[in-house]
Amino acid sequence: MGKRWTNRIALGVLWLCGLTTVVVLGAVIVYVFIRGIGQITPEFIFTAPHGVNAEGGIGPTIVATIYVTGLAMLIVTPIAVLAAVYLAEYAVQGRLVNTIRFAADTLASVPSIVMGLFGFALFYEVMGLGFSVLSGALALSFLMLPIVMRATEEAIRAVPRFIRWGSYGLGASKWQTVSKIVLPSAMPRILTGLILAMGRAVGETAVVIFTMGQAIYTPISPLDPGRSMTVHLYTLAMEGINMDAAYGTALLLMVMILLFNVSARWLAARNRRLKG
Amino acid sequence: MTEPEQTGRGRVNGGLKMMSRATYIREALLKNLFLLCAIVAVAAVALIFVFTTARGWEVVKDPGLAAFLGGTEWSSTLGRFGILPLVVGTLAITLGSLVLGAPLAIGTAVFLSEIASPRMRSIVRPAVEMLAGVPSVVYGFFGLVILRPIAAELTGGMGFGTLTASVILAVMIVPTIATLTEDALGSVPPGIREASYAMGATTWQTIYKVLLPAAKIGIIDATILGMGRAIGETMAVVMVAGNAPQFFKGLGAPIATLTSQIVIDMSYATGTHKTALFGLAIILFLISMGLVALVRALSRLNAKKA
């Protein structure tokens, strides 16, 4: 067998690998879509589940999911963005920066179930916040912190140096340069990172199940409990009580995640077009 | 990258002479505020470690460190909390997912970086990124309703177990490994490729003999992080593994992992049982931190060599 044939076969296998990933994603999306689309009615989206088989809608779980994600976002964004500003603009390479990066990497790879247990121990047991949206949001913010930090740091580093020089040349201080020049230029990419982190939070299960609880309840105050869409899907699927509603919930979850992904992608593309 | 003279102390001090005292103080305060925010990341890791350890360290007293780490039985009704069956379960599923997922992911990365036309790339790369965004419960659900019946057909059991869990996890670790491998391939200097092609090598020969060896450390890093993802993955595994804390009895037999046992038991655990669950969390935390440290050590080694 000549090298040409080996080459052809090998390239064929690599093509197959690339296509397999697309096919797997397509299969998951199409399957969930076909089985779930029949479920999606205004009633399903807006009313609460009732009865032993959780008939009716999943309204409260949608509210709880958006509530806990939004609150986590509010908690994590200022800290993560300012931390990234420090790492990208102020930090001097050294032991401290190494420790911070190691911590962020570790935080990014801690299994979500560990974060869930930790959240339970700290926010439920020690701080007495109970199963609540606030506990869930605090625990989720630990999960989102490294994601937002990394995205923001990369966004800041991608801002061309000469823009900063222009600002310094005009006599601006460091903070003026960062706040008026660097952060606005990095904003689209920071937003992309925030949106992707929100996607992670919406899809998270193990963290919220032990911090926000499993009670089906429409949370109003941050101290109210709630059940996220993911926890609802998990419960329905494991108990096998209402598979139709499970398909509907899975479809809505996928739609939300896809929307987050597409809008992040659109934002990034628009940013490239404006610059290029 | 910002160059050192811009971020270094010398330049800042030099520049600040021109400022009013108020500006100087404000700048210094802000800098320290940002530093504080960055330290939150360190504090977060410390908090997680301290609280899981505080709740779990008593496993060394009851059931005792030897019985916990070396015990061959996990049974809450008998009060035995030995983690070996769970460790074996985690190992079996992780190994299975790496065997299936790593070649697929590395192949996809090579395809993206070396073969695909820009048009193909614009389809495959978003697909890989979106695979990373699919929630783990949705993967678990998909595995439960689609893969489980197929696995039941193949293995003759219920379909819950190592096979189903490995296939689902393989898909879940593809984005991690593929993205990082593509980065590693992208940082191989183009000159090396051109030299190989100029010698008359085919695309495959260039990939196999030049690019993969050059990106070796990066690919190992990617695989280690994918492994970390597989070890830590929880909900998808709970939904398809069958959750029986027994030793590996074949691809089709139910099994439990370190993560899945926590989810299953947490709803009713009390006393020693709950302490043991936090003990599992400590072990998972140490594994993930160890893997990150390993990856960083490897990268440093790589940077030194280059």
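**Definitions and values in a two-chain predicted model**

User: How do you know that the span of H5(A) agrees with its number of residues?

Analyst: The expected span of a helix is 1.5 Å times one less than its number of residues, so the 15 residues of H5(A) should span 21 Å, and the end C-alpha atoms of H5(A) are 20 Å apart, which agrees. Helices here are DSSP runs of H or I with at least four residues, strands are runs of E with at least two, and both are numbered from the N terminus. This is a predicted model, in which local features need pLDDT of at least 70 and side-chain atom pairs count only at pLDDT 80 or more, while totals for chains, interfaces and linings use all residues. Residues are numbered from 1 along each chain as its sequence is written, and chains are lettered from A and ligands numbered from 1 in the order in which they are written.

User: What makes H5(A) largely enclosed by the rest of the structure?

Analyst: A residue is buried if 20 or more other C-beta atoms lie within 10 Å of its own, exposed if 12 or fewer do, and partly exposed in between, with C-beta atoms placed from the backbone. By that criterion 12 of the 15 residues of H5(A) are buried, so the helix is largely enclosed; among them are A:Ser112, A:Met115, A:Phe118 and A:Phe123. The buried residues of H5(A) pack against H6 and helix H9 (206-209) of chain A, together with helix H3 (21-56), helix H13 (258-266) and helix H14 (271-305) of chain B. H5(A) is followed by A:Gly128, whose phi is positive, near 65 degrees.

User: Why is B:Gly56 called buried?

Analyst: B:Gly56, found in helix H3 of chain B, has 23 other C-beta atoms within 10 Å and is therefore buried. Leaving aside its neighbours within four places in sequence, B:Gly56 is in contact (C-beta atoms, placed from the backbone, within 7 Å) with B:Thr275, B:Phe278, B:Gly279, B:Ala281 and B:Ile282.

User: Which residues have the most contacts inside the largest nonpolar core?

Analyst: A nonpolar core is a set of buried Ala, Val, Leu, Ile, Met, Phe, Trp, Tyr and Cys residues joined through C-beta atoms within 7 Å. The largest such core has 181 residues, and those with the most contacts inside it are A:Ala83, A:Val148 and B:Ala41. The largest share of this core, 19 residues, comes from H3(A). Apart from neighbours within four places in sequence, A:Ala83 is in contact with A:Met149, B:Phe34, B:Cys37, B:Ala38, B:Val40 and B:Ala41.

User: How many residues of chain A are in contact with chain B, and how do they divide into nonpolar, polar and charged?

Analyst: In chain A, 74 residues are in contact with 77 residues of chain B. H1(A) gives the most to this side of chain A, with 19 residues. Ala, Val, Leu, Ile, Met, Phe, Trp, Tyr, Cys and Pro count as nonpolar, Asp, Glu, Lys and Arg as charged, and the others, Gly among them, as polar; on that basis the side of chain A that touches chain B divides into 51 nonpolar, 15 polar and eight charged residues.

User: What are the domains of chain B, and how far apart do their centres lie?

Analyst: An automatic or database domain assignment gives the bounds, dividing chain B into domain 1 (4-60) and domain 2 (66-305). Their C-alpha centres lie 34 Å apart, and eight residues of domain 1 are in contact with eight residues of domain 2.

Terms used
Contact = placed C-beta atoms within 7 Å.
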